[in-house]
Each structure stands twice: as C-alpha cells, then as structure tokens.
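I opened this entry to look at one protein and its ligand.

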Amino acid sequence: MKIAIMGAMVEEVDPFLEIGEHEPLLKYFSKHEDVEYGGNTYHIARYRDLDIVLAYSKIGKVFASLTAATMIEHFACEKLLFTGVAGAVDPALKIGDLVAATQLCQHDLDISAFGHPHGYVPEGKVYIEPSRELLHIAKEVANEKGIELKKGIIATGDQFIADNERKEWIARTFDADAIEMEGAAVAAVCDAFDIPFFVLRAISDAADMDAAFDFDEFLKHSSRLSSSFIVSMLEKLSQRERSTKVRDRS
Ligand code: ADE
C-alpha cells in the first residue's frame, strides 16, 4: 500500500523530517530518497509495511491540486492523508484543537450570478466527503490515545481569512467549522481519481483580526499536533496492511 502524506507549507511537513548535516532526513521513515518533480520535492520512504510519499504543495488550491494529482498519477499513491493547520470558524474550536473534515467545500467558488449556489459549478458538487474508513481509523486512534478529535465541515479558498464578516458569511453559507486554503482542492482531485483521502487540521487561529499574528505564533505547534496524529494513523494502517498480507498468504 502506497500512502501520500501531504501538507501545504514546509512547516506542516517539517515535523516528519529531521534536519541532517547535509540534507533533511526522514524522522519516522526509512529508505529515504528525494525526487524533484513539477516544482516540488517528493520524499519517498517506507514506514513499517507501508510505502510513503511525503510532500508539501505550497499554499493554495492550484498548487494543492497539482501535488495531489502528482501523488496519485505519477507516484501511484493509493490513499492520501492531508495534514496541516486551519482557522477556526466555529467559536467552540480553540487553538490546537484537531479537526477531521467530514465534508469539504470551496467558499470562493462563485457563479451565483447564474443562479447556482455558492461553491457549485455544473458537474461538480458543493461538498465532497472523505473516506469513511479513514475517518473510522482516526476515531480509533483518538480513542486509543485519549486525544479529542473534533469533526466538521472545512471550507477552502484562496484567501487567508482575517476578518469576522467574511468568516461569518462562510459559516452561514456553508455551515463551516474551519477554514483553510487547500483541503477541498485535494478532495476534488481524490474524488475524481477515486482515491480514499483524509484531511486533518489543527487550529492555528480564529480567522479574526488577530489571525495573522496567531498563525505565525502557532503554525509550528499546531502542525506538530496534526502530523503526530497522522503518524499514529500510519501505525494503524500498517497493522492492517500486515494482517491483510498474513491473511492472503494463508
Ligand atoms: N489556515 C490557517 N488559518 C487560516 C485562515 N485564517 N484563513 C485561511 N487559511 C488558514
């Protein structure tokens, strides 16, 4: 089983890496090789019984789509786990809370002038849902480790939101709990290629007037919370892979 692990910013994938003397070394993974492709670096590795491809895309929907499609079409990844940070829309969400997306939508996709709902284009859909199996695995990990994992609707757009009015519009229009800049793009690519995916975000700010300051302050800390949860999910996926292999052999 080959798994894509993707973030948007270098800080979001950095926790998986250790800085070596001459090059980054993978902290959790073995058999490290770097491949440059389409303007990004893909770290090819192994985690127990899993093949891993790890990369950050750069910020925004276009770069996220490119990286997700490359992971699937060029590197033949069979599942995709996204890790990173988000702004809270639901006031109950606090900095450091982990949110697993149950649905993802694009808040800046707008052809409402033609009578369509926000977030919709013909032949598309407003909400895309991640893999139930991966959500179930996340729930198991959270239960076993005693981690509080929240679930919610994630709204994506090519805008850093630091404005209560825009945030409240997104909350009303999409019933969103958190906002970020890549998840729904990754979801659209995975949905098109029928690849099970999972999007995890740790809250870094409240998308309000303090958002830019809080984001800078908490980006690294929240990125680490998200990536460490993803490593625990890999552990579970690896155990499942091993039992499948044993079953197939007997
Ligand atoms: N990612 C983290 N915080 C964000 C915000 N406030 N707006 C958009 N993306 C974000």
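Which atoms of Gly-87 lie 3.2 Å from a nitrogen atom of the ligand, backbone or side-chain? I looked it up in the model, which is predicted. The atom is a backbone N or O of Gly-87.

Next I checked Ile-161. A backbone N or O atom of this residue lies 2.8 Å from a ligand nitrogen atom.

On its own the ligand has 260 Å² of accessible area, and the protein covers 96% of that. I also looked up its location. The ligand sits in the largest pocket.

I went on to the elements around it. Those that give two or more residues to the ligand shell are β7 (79–88), β10 (178–180) and β11 (197–205). β7 gives the most, with 3 residues.

The ligand is surrounded by 13 residues. Gly-87, Phe-160, Ile-161, Glu-180 and Asp-205 are the closest. By class, I noted 8 nonpolar, 3 polar and 2 charged residues in the shell.

Last, the whole protein. I found 6 helices and 11 strands. The radius of gyration is 18 Å, close to the 18 Å from the globule rule for 250 residues, so the protein is as compact as a globular protein of that length. Along the principal axes, the C-alpha atoms fill a box of roughly 55 × 40 × 40 Å.

Technical notes. Residues are numbered from 1 along each chain as its sequence is written. This is a predicted model: local features need pLDDT of at least 70, side-chain atom pairs count only at pLDDT 80 or more; totals for chains, interfaces and linings use all residues. Side-chain values use heavy atoms; hydrogens and water are left out. A residue is near a molecule or strand if one of its heavy atoms lies within 4 Å of it. A polar contact is a pair of N or O atoms within 3.5 Å; within protein, one must be able to donate a hydrogen and the other to accept it, and residues adjacent in sequence count only if both atoms are side-chain atoms. Accessible areas come from the Shrake-Rupley method with a 1.4 Å probe; for residues, only the protein chains shown count as cover. On a 1 Å grid over the protein atoms alone, a cavity is a set of points where a 1.4 Å probe fits but cannot get out, and a pocket is an open set with protein on both sides within 12 Å along at least five of seven lines; lining residues have an atom within 4 Å of a point. A molecule sits in a cavity or pocket if more than half of its atoms lie within 2 Å of its grid points. Helices (H or I, at least four residues) and strands (E, at least two) are DSSP runs, numbered from the N terminus. Ala, Val, Leu, Ile, Met, Phe, Trp, Tyr, Cys and Pro count as nonpolar, Asp, Glu, Lys and Arg as charged, and the others, Gly among them, as polar. The radius of gyration is taken over C-alpha atoms; the globule rule is 2.2 Å times the number of residues to the power 0.38.
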